[in-house]
Amino acid sequence: MSRRHYDLPPLTTLSAFEAAARHLSFKNAAEELSVTPGAVSHQIKALEHELNTPLFRRKHRGVELTDEGETLFDTLATSFSRISQNLQSIRDSQSADTVRIGSTSAVAALWLSPAVVRFWRAFPDINVNQIVQDRPFRPAPEMDLFIRYGRDRESRLDQTELYRDDLGPVANPEVAQALEGRSLAELAQQRLIHLDAEDNRWTTWSDWFLQQGYDGPIAQGVRVNNYSVAIQVAQDGGGLALGWQKLLQPVMNTGQLSAIGPHILPAPHKFYLVGRDDADLSPTARQLKDWLLNELAH
């Protein structure tokens with residue numbers, strides 16, 4: 001008879017796999033778990049041997065999950081998340097008054113942080129902790145909700161539509177006035193501020209011009225890896241940024257940025273609020289979710 005009641009591999013093995021799958025990196029998983037990459041690799045190999053199937057495809061520049069690995073990761077991520085929530089609830093009854101929400105740095109600075117302040121005014125007893133990162137979010141026990149651009153067709157999490165933004169060139173008012181009404185070919189030769197984001201779902205200048213029907217040459221311009229930096233460069237007169245009109249509305253209302261018409265069109269994807277099903281969210285997380293959706297509806 002098996003000594004393991006649930007017939008599971010050791011928890012340390014499952015934990016090593018979950019961390020490696022979440023990071024898609026043995027090295028980063030090892031740093032999180034305070035072990036060596038070799039130890040993580042050993043645990044993964046032991047798990048693959050027990051299951052008699054590969055869970056990762058090893059590549060020159062990293063690893064990616066096999067279909068079996070994806071299935072196991074989704075199950076573990078969901079299970080670990082629920083275990084973490086239950087333990088946290090037992091550990092600290094006040095945790096029910098805390099919501100954790102993630103977003104990119106630009107979304108946090110331009111919309112989410114001001115929205116959270118307004119939420120606090122209405123619900124001062126609820127603490128909202130923001131997790132900010134510009135790489136793609138993956139399900140994590142410490143996160144109740146996160147904001148994502150574009151629907152993830154493979155995710156099992158609930159994805160609630162927030163809004164579809166409009167995209168167009170923005171610059172400081174002086175530059176914008178000089179370029180108003182210019183053709184796409186003329187705009188393509190201006191100093192464009194290109195965003196090299198870790199998340200490749202974000203619409204690029206090349207995507208935007210193609211969507212407009214222009215497939216000619218595009219100026220190399222300058223490159224940054226953070227959207228907030230791109231907006232600051234545009235405000236300083238350093239070039240044209242690809243502007244999310246709704247997201248940037250507070251900045252444009254102050255006169256620091258202006259849209260360059262008439263080439264503005266709906267973004268290819270919508271923004272989504274991602275998290276567990278409402279039945280699995282804490283009451284305070286559901287309250288924040290409902291409040292954000294209600295604010296966007298008005």
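## Ground rules

Residue numbers start from 1 along each chain as its sequence is written. In this predicted model, local features need pLDDT of at least 70 and side-chain atom pairs count only at pLDDT 80 or more, while totals for chains, interfaces and linings use all residues, and side-chain values use heavy atoms, leaving out hydrogens and water.

## The largest pocket

A pocket here is an open set of points, on a 1 Å grid over the protein atoms alone, where a 1.4 Å probe fits, with protein on both sides within 12 Å along at least five of seven lines; lining residues have an atom within 4 Å of a point.

Helix 4 gives the largest share, seven residues (helices are DSSP runs of H or I with at least four residues, numbered from the N terminus).

## The second largest pocket

The second largest pocket has a volume of about 420 Å³. Of the 26 residues lining this pocket, Leu195, Ala197, Trp202, Thr203 and Tyr227 lie nearest its centre.

## Helix 5 meets helix 11

The axes of helix 5 and helix 11 (residues 283–296) come within 11 Å and cross at roughly 110°; axes are lines fitted to C-alpha atoms over the stretch in contact, with angles from 0 to 180 degrees between N-to-C directions. Helix 5 is therefore roughly perpendicular to helix 11, a label for angles of 65 to 115 degrees.

Contact (heavy atoms within 4.5 Å) involves residues including Trp111 and Phe119 of helix 5 and Trp291 and Leu292 of helix 11.

Key
Helix = DSSP H or I, 4+ residues; strand = E, 2+ residues; numbered from the N terminus. Points joined across faces, edges and corners; volume = space filled by probe spheres on them. Parallel < 35°, antiparallel > 145°, perpendicular 65-115°, else oblique.
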